[in-house]
Amino acid sequence: MAGASVRLDLDGRPIKPVTICMIGAGGFIGSHLCEKILLETPHKILALDVYNDKIKHLLEPESQTGADRIQFHRLNIKHDSRLEGLIKMADLTINLAAICTPADYNTRPLDTIYSNFIDALPVVKYCSENNKRLIHFSTCEVYGKTIGSFLPKDSPLRQDPAYYVLKEDASPCIFGSIEKQRWSYACAKQLIERLIYAEGAENGLEFTIVRPFNWIGPRMDFIPGIDGPSEGVPRVLACFSNNLLRRQPLKLVDGGQSQRTFIYIKDAIEAVLLMIENPARANGHIFNVGNPHNEVTVRQLAEMMTEVYAKVSGEAALEEPTVDVSSKEFYGEGYDDSDKRIPDMTIINQQLGWNPKTSLWDLLESTLTYQHRTYAEAIKQAVAKPVAS
Ligand code: NAD
Ligand code: UDP
């Protein structure tokens, strides 16, 4: 741990070391959160996941990052009797476990609903019954579509933030019809949020709900055919990275008109650490965590990533860097999309005084440098490999 001086919370009180049961610790967000906790705090982690590839570097005894304060438990929370015991051993549980790649929502809706609702139920129950604090990861997707998206295209109200900025305590949750199975994820997340909220109201569960708005950075998802299935479809950062690494045009779904705000994972993790260490300010709240200043259309993201990748790799960009595909072709039947996602930051500002720092260009530069360093050689070898006859 860096620095031995006493660390203080936002109200000037010394922070007591805690034990954290982190479910889904082996994923993208979990790996960054584990790293941050081990490097900068004295807290202990019980890391639960089916995989540990993304946190292997933290588990090795010779690691400089507090390997003695992290214990990995390989388990599937769907069916493992050790879960309650591990939650009981900890002061705080953080639940990150989920199926959370859009390509799965319409093609594996049952797995998506089970993972995001049913599998989270015992976690909430054990926390409530054992009086343990819970930080649960939900999603910005619970907002669904904006009110503004239903206005006529030329309506001046579309420019009014009241019709598109997403507020935790005021915005409605607007999903498409049932056959648009895209919304299976959002709906399951919304129901688990409501259940956690009700456990707080009726049984006194101490909870915080996090709604991430497109957190991106190194170690997000996988590169198809390298460290994930060849036919797999990860989230947009990994899809576009894969295209850039393979010198293929970036695929713009339905013209790439949807808008997103992207936040650097390292900024977002600072917000989570503040929640962990300031329970009195975080309990009972739902927090948007995003960067409202980093808004782009998906098309603009593709253009920026192409430019940044050319800079970090030294390779010239393709003459035609993007290609349009229909959502049906790319994701299959039942896909639908969120039109625009701008987080309102009032609550997180008031409670935790947190603000994101990193611009989209800077976060893409460090992330694509990582992608190039990690994957370029492996892709070259995979492409050069003769196909078995
Ligand atoms: P991720 O897929 O990288 O991590 C999820 C981890 O949970 C994986 O390591 C997976 O193996 C593990 N897991 C899933 N089911 C499990 C089970 N049954 N038992 C044990 N482990 C299991 O995803 P992430 O991006 O790190 O997201 C973490 C959480 O944040 C998810 O709940 C997701 O819905 C939410 N979220 C993330 C973003 C984002 O921008 N990254 C946006 C919205 C919501
Ligand atoms: N998208 C795209 N090309 C891709 C992958 C994704 O145009 O290769 C679009 C997708 O349709 C959506 C946006 O990029 O509009 C963000 O997708 P992501 O999978 O990251 O998740 P989401 O923000 O929708 O949860």
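Modeller: Let us begin with one contact: a backbone N or O atom of V253 lies 2.9 Å from an oxygen atom of ligand 2. Before going further, note that this is a predicted model, in which local features need pLDDT of at least 70 and side-chain atom pairs count only at pLDDT 80 or more, while totals for chains, interfaces and linings use all residues. Residues are numbered from 1 along each chain as its sequence is written, chains are lettered from A and ligands numbered from 1 in the order in which they are written, and side-chain values use heavy atoms, with hydrogens and water left out.

Colleague: Which atom of ligand 2 does the side chain of R260 approach, and how is such a pair read?

Modeller: A polar contact is a pair of N or O atoms within 3.5 Å; within protein, one must be able to donate a hydrogen and the other to accept it, and residues adjacent in sequence count only if both atoms are side-chain atoms. Here an N or O atom in the side chain of R260 is 2.6 Å from an oxygen atom of ligand 2, and a backbone N or O atom of K251 lies 2.7 Å from a nitrogen atom of ligand 2. Taken alone, ligand 2 exposes 530 Å², of which the protein buries 96%, the areas coming from the Shrake-Rupley method with a 1.4 Å probe and, for residues, only the protein chains shown counting as cover.

Colleague: How many residues are around ligand 2, and which come nearest?

Modeller: A residue is near a molecule if one of its heavy atoms lies within 4 Å of it. There are 19 residues around ligand 2, and K251, R260, Y335, D337 and R341 come nearest. This shell divides into 10 nonpolar, two polar and seven charged residues, where Ala, Val, Leu, Ile, Met, Phe, Trp, Tyr, Cys and Pro count as nonpolar, Asp, Glu, Lys and Arg as charged, and the others, Gly among them, as polar.

Colleague: What surrounds ligand 1?

Modeller: Around ligand 1 there are 24 residues, the closest being F28, D49, N76, Y185 and W215, and by class the shell has 14 nonpolar, seven polar and three charged residues. A polar side-chain atom of D49 lies 2.7 Å from an oxygen atom of ligand 1, and an N or O atom in the side chain of K189 is 2.9 Å from an oxygen atom of ligand 1. Of the 820 Å² of accessible area that ligand 1 has on its own, the protein covers 89%.

Colleague: How many cavities of 30 Å³ or more does a search find?

Modeller: A cavity, on a 1 Å grid over the protein atoms alone, is a set of points where a 1.4 Å probe fits but cannot get out, and lining residues have an atom within 4 Å of a point. Grid points are joined across faces, edges and corners, and a volume is the space filled by probe spheres set on the points. The whole structure has two cavities of 30 Å³ or more; the largest holds about 100 Å³ of space and is lined by 14 residues, with L244, R247, Y309, A317 and L318 nearest its centre. The second largest cavity holds about 40 Å³, and K189 is among the residues that line it.

Colleague: Why does S313 count as buried?

Modeller: Buried means under 20% relative accessible area, exposed over 50%, and partly exposed in between (1.4 Å probe, protein chains only). S313 counts as buried because its relative accessibility is 16%, and a polar atom of its side chain lies 2.7 Å from the backbone oxygen of Y309.

Notes
1 Å grid on protein atoms, 1.4 Å probe; cavity = no way out; pocket = protein on both sides within 12 Å on 5 of 7 lines; lining within 4 Å.
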